[in-house]
Amino acid sequence: MRYRSTRSSTGVPVSSADVIVRGIAPDGGLYVPVDIPRLSECTLRDLVRADYSERAFAILQPFFDEFAVKTLLNSIKAAYGSNRFAGQVVAPLIVLSPSEAILELWHGPTAAFKDMALQLLPHIMLEALRLAGVDRRILILVATSGDTGKAALEGFRDVPGIRVTVFYPSEGVSDIQRLQMVTQQGGNVNVFGVHGDFDDAQTGVKRVFGDADFNNRLASAGWALSSANSINWGRLAPQIVYYTSAYCEAVACGAIELGDKVNFVVPSGNFGNILAAYYAMRMGLPVNRLVCASNKNNVLADFFSTGVYDRRRTLHRTTSPSMDILVSSNLERLLFEVSDRDHSAVRGLMSDLQSTGRYSIGAELRGRLQSAFWGGWCDEPEVMQTIRDVWSEHRYVLDPHTAVGQAVYKQYLASTGDDTFTIVVSTASPFKFPDTVVRAIAGNGAAGSTCGLETIAALERLTGVAAPVPISELGSLAVRNPETVEVSEIPRVVASTVGLD
Ligand SMILES: *Cc1c(COP(=O)(O)O)cnc(C)c1O
């Protein structure tokens, strides 16, 4: 498969290996496949009986067709076939009613959906580096609002030739997320809290990427900088797999017949997760509607209803922090596809966003978007109410991100009456956000003064559900990465992690 940029058609199409190594196109655009592979009904039928790794190979092989078959198979096995994901099924589908199911994407080592791609990416990246003839060591630099950093650390831990350095806002992550990072193990990882919020951490890291002088020093010491965020196609492609897998599970358990359409509801932030669902649909997966769910940071919901994307608003801190985002980078790929790959239109919109903080699409494009997508959002009281309702009605525990999805699904039902079988994507374990979940289910007094680890035990007692092992063992792990730094210290700290002081 060859790839091109969303912002120009002039460059020579590049290989998947180059796409993974580079992350972003030289013109600032995002890489997309030149052709979208087809998933035939016949293949889909075979996949119903297959396991997750087999489904992953069938979906991913066309995107990475210059990889040796054996290498790709081994990478997939190492990510999904071993004991990295708890339970028999990597991404189980929990049927709540004849018209609704939940797709659990948090059985990996960090208990959030980022593992689905970040368990595979390191294997793919090593092979991409080899194929692209890069013989330098790679420094992966991440600014995280919580889940990405931990999943990148876990995915790349002890991978030879790669070092991972993560910065998280010391005041902007949940207790559990902080514990996950300060206890991170591995000989090639560095983790630092940054005094400030996510934007501060992000700004510091971006400054390092943009520092030509520092990059030259890195290069002469045999290092190259890379990133693991969701604009990298290597993170997007593995996400197409679980949409296909969820569909197969729904057929296998008799909830739908092969060929029936389904809806997917996706709690969204940077728009990477739901974009993979869109690609699955374009490949031929029978999808009726994609419901994009936002929290109080409702820039995407506004966009789908008005056609205007306007980031000029204040960022709200919510109980679903991984969706507290104002610029959804992956929307660029959707605009490209929906505009029939009009790269100059995309370039214009992105330059509007850059210079004015907003852009507006025409009525025709908006109509096309609305035929595939429905956007909605909910506020904080609705999140709490939804966690409580789903617990009392189904005895099922939602995390706050998934609750946003469930609440918006209810709005979608009320507004459209669409009775298509619907799969709500669950992006995190409730045990990652126990304070919110306990308060929602048992009331404000119930959590009392407990926080973090103690609340995990409280949530277990309250629901009779056991916390995932990687969460419950946090209390017994040693703190290895206690350091916090000022934003201004980030460049120096990065230099020191690769021995360039
Ligand atoms: C990252 C994340 C999201 C948002 O996903 P995007 O791909 O950025 O839209 C939602 N929920 C959780 C728990 C996450 O970690």
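This is a predicted model: local features need pLDDT of at least 70, side-chain atom pairs count only at pLDDT 80 or more; totals for chains, interfaces and linings use all residues.
Student: Which residue meets the side chain of Glu41 in a salt bridge?

Tutor: Side chains of opposite charge can pair when their charged atoms come close. 
The criterion used here is a side-chain nitrogen of Lys or Arg within 4 Å of a carboxyl oxygen of Asp or Glu. Glu41 meets Arg45, with 3.7 Å from N to O. Helices (H or I, at least four residues) and strands (E, at least two) are DSSP runs, numbered from the N terminus. Arg45 and Glu41 are four residues apart in helix α2 (residues 41-48), so about one helical turn separates them. Arg45 is also partly exposed, at 41% relative accessibility.

Student: How many salt bridges does the structure hold, and which residue pairs with Asp147?

Tutor: There are 15 salt bridges. Asp147 pairs with Lys432, the closest N and O atoms being 2.8 Å apart. Asp147 belongs to helix α7 (residues 147-156) and Lys432 to the loop between β15 (422-426) and α19 (434-442), so this pair ties together parts that are 285 residues apart in sequence. Both Asp147 and Lys432 are buried.

Student: Where do Lys150 and Glu154 lie?

Tutor: Both are in helix α7, four residues apart, which is about one turn of the helix.

Student: Which residues form the negative surface patch?

Tutor: Patch residues have over 30% relative accessible area and no salt bridge; like charges are joined within 9 Å, and nonpolar side chains (Val, Leu, Ile, Met, Phe, Trp, Tyr) within 5 Å. The areas come from the Shrake-Rupley method with a 1.4 Å probe, and for residues only the protein chains shown count as cover. Lys and Arg count as positive and Asp and Glu as negative, while His and the chain ends are not counted. The place of a charge is NZ of Lys, CZ of Arg, CG of Asp or CD of Glu. Here the negative patch consists of Glu171, Asp197, Asp199 and Asp200. Asp200 sits in helix α9 (residues 198-209) and is partly exposed at 31%. Helix α9 also holds Gln202, which is partly exposed at 25%. Gln202 and Pro169 are 33 residues apart in sequence and 9.1 Å apart in space, C-alpha to C-alpha.

Student: What is the strand order in the open sheet of five strands?

Tutor: Two strands pair if DSSP finds at least two bridges between them. The order is β9-β6-β7-β8-β16, with parallel pairing. At the edges stand β9 (223-226) and β16 (484-485), each with a single partner strand, so one side of each has no neighbour in the sheet. Within this sheet, six bridges join β7 (residues 162-169) to β8 (residues 189-194), and Tyr168 stands opposite Gly193 in β8.

Student: What is the order in the open sheet of three strands?

Tutor: That order is β2-β1-β3, and the pairing is antiparallel. Here β2 (14-15) and β3 (31-33) are the edge strands with a single partner each, so one side of each is left without a neighbour in the sheet. Two bridges join β1 (residues 2-5) to β2, with Tyr3 opposite Val14.

Student: Why is strand β14 described as largely enclosed?

Tutor: Four of the five residues of β14 (residues 373-377) are buried, so the rest of the structure largely encloses this strand. Five bridges join β14 to β11 (residues 287-294), and the two run parallel. Cys292 has Gly375 in β14 as its bridge partner.

Student: Where do Phe271 and Asp340 lie, and what are their phi values?

Tutor: Most residues other than glycine have a negative phi, and most peptide bonds are trans. Phe271 has a positive phi near 70°. Phe271 lies in the loop between β10 (262-267) and α12 (272-283) and counts as buried at 1% relative accessibility. Asp340 has a positive phi of about 55°. Asp340 is placed in the loop between α14 (331-338) and α15 (343-356) and is exposed, with a relative accessible area of 59%.

Definitions and conventions
Residues are numbered from 1 along each chain as its sequence is written. Side-chain values use heavy atoms; hydrogens and water are left out. Buried means under 20% relative accessible area, exposed over 50%, partly exposed in between (1.4 Å probe, protein chains only).
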